[in-house]
Amino acid sequence: MIGTDTTQDMVLELQDEMSQYQYQFGVRRNDFLVEAMSYGMSEEEARAYAIQRIGPVVPVTCIPTLALGKVRPLSPMLAARYQYAGDWKDIHEHLLLPDEVLRIAGTQHFRSWISDMRNYWVESAPYRFGDDRLSLLSVASEKEGHFSMLVWREPGEEPEVWTYASQHEYRFSHLLHWFKWLNGRSEE
């Protein structure tokens, strides 16, 4: 378990990482435009995807898990995330509010993805943990199954973040390390 002083320091560092992620959008946007156009996307199409939209902060006290009707209280870092921004769309990454978590988690496509992970991807988060220990943090592509999940190994701990994209899995011990990874400074 992380100590109180350490948790407060990590929350402050997380706030800094979220600010950097927000303010470095222009660099990510330019990189995305170059890459997208190199794959044949028109500049107009690429610009339509290359957006940042940050919704106003809304009160969030808990986050729904994948188990119907079950929620988890916000950890200090999750509370900091929701105090920083509401709905947050940044090019491909869409950080979700609880109502969006419920909507996506209830779709047939997502439930099928979870089922496939449980049946065919040994050691994936859905394989190892029950729905009451899993939630969604963000979506890069619902269609392609690119999700970042919150994983609670133990009650009262900061949840881990497990990201799935293109048949790859990336694990982070908590939200701070995930944001560092988004900012290109992974420590894990």
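Does Ile91 count as buried or exposed, and at what relative accessibility?

A: Ile91 counts as buried, because its relative accessibility is 7%. Buried means under 20% relative accessible area, exposed means over 50%, and partly exposed lies in between (1.4 Å probe, protein chains only). The model is predicted: local features need pLDDT of at least 70, side-chain atom pairs count only at pLDDT 80 or more, and totals for chains, interfaces and linings use all residues. Residues are numbered from 1 along each chain as its sequence is written, and side-chain values use heavy atoms, with hydrogens and water left out.

Ile91 sits in the loop between β4 and β5 (93-95). Helices (H or I, at least four residues) and strands (E, at least two) are DSSP runs, numbered from the N terminus. The backbone of Ile91 stands out too. Its phi is positive, at about 50°, although the residue is not a glycine. Most residues other than glycine have a negative phi.

Glu123 also has a positive phi without being a glycine, with a value near 80°. Its place is the loop between α6 (108-120) and α7 (125-128). Glu123 counts as partly exposed, because its relative accessibility is 38%. The residue also forms a salt bridge with Arg128, where the closest N and O atoms are 3.4 Å apart. A salt bridge here is a side-chain nitrogen of Lys or Arg within 4 Å of a carboxyl oxygen of Asp or Glu. Arg128 is partly exposed as well, with a relative accessible area of 34%.

Back to β4. The loop between α4 (76-84) and β4 (88-90) holds Asp87. The side chain of Asp87 meets that of Arg53 in a salt bridge, at 3.7 Å from N to O. This pair links distant parts of the chain: Arg53 is in strand β1 (residues 52-54), and the two residues are 34 apart. Asp87 counts as buried at 14% relative accessibility. Arg53 counts as partly exposed at 42%.

Another salt bridge joins the side chains of Glu142 and Arg103, at 3.2 Å from N to O. Glu142 lies in the loop between β6 (134-141) and β7 (146-151), and Arg103 in helix α5 (residues 98-105), so the pair ties together parts that are 39 residues apart in sequence. Glu142 is partly exposed, with a relative accessible area of 28%. Arg103 is partly exposed at 47%.

Arg111, Arg118 and Asp131 are linked in a network of salt bridges. The whole structure has 11 salt bridges. The chain carries 18 positive and 28 negative side chains, and the centres of the two sets lie 4 Å apart. Lys and Arg count as positive, Asp and Glu as negative; His and the chain ends are not counted. Each charge is placed at NZ of Lys, CZ of Arg, CG of Asp or CD of Glu.

Now the wider setting. The chain has 8 helices and 9 strands. Its radius of gyration is 17 Å, close to the 16 Å that the globule rule gives for 188 residues, so the chain is as compact as a globular protein of that length. That radius is taken over C-alpha atoms, and the rule is 2.2 Å times the number of residues to the power 0.38. Along its principal axes the C-alpha trace spans about 45 × 40 × 30 Å. Buried residues, Ile91 among them, make up 46% of the 188 residues.
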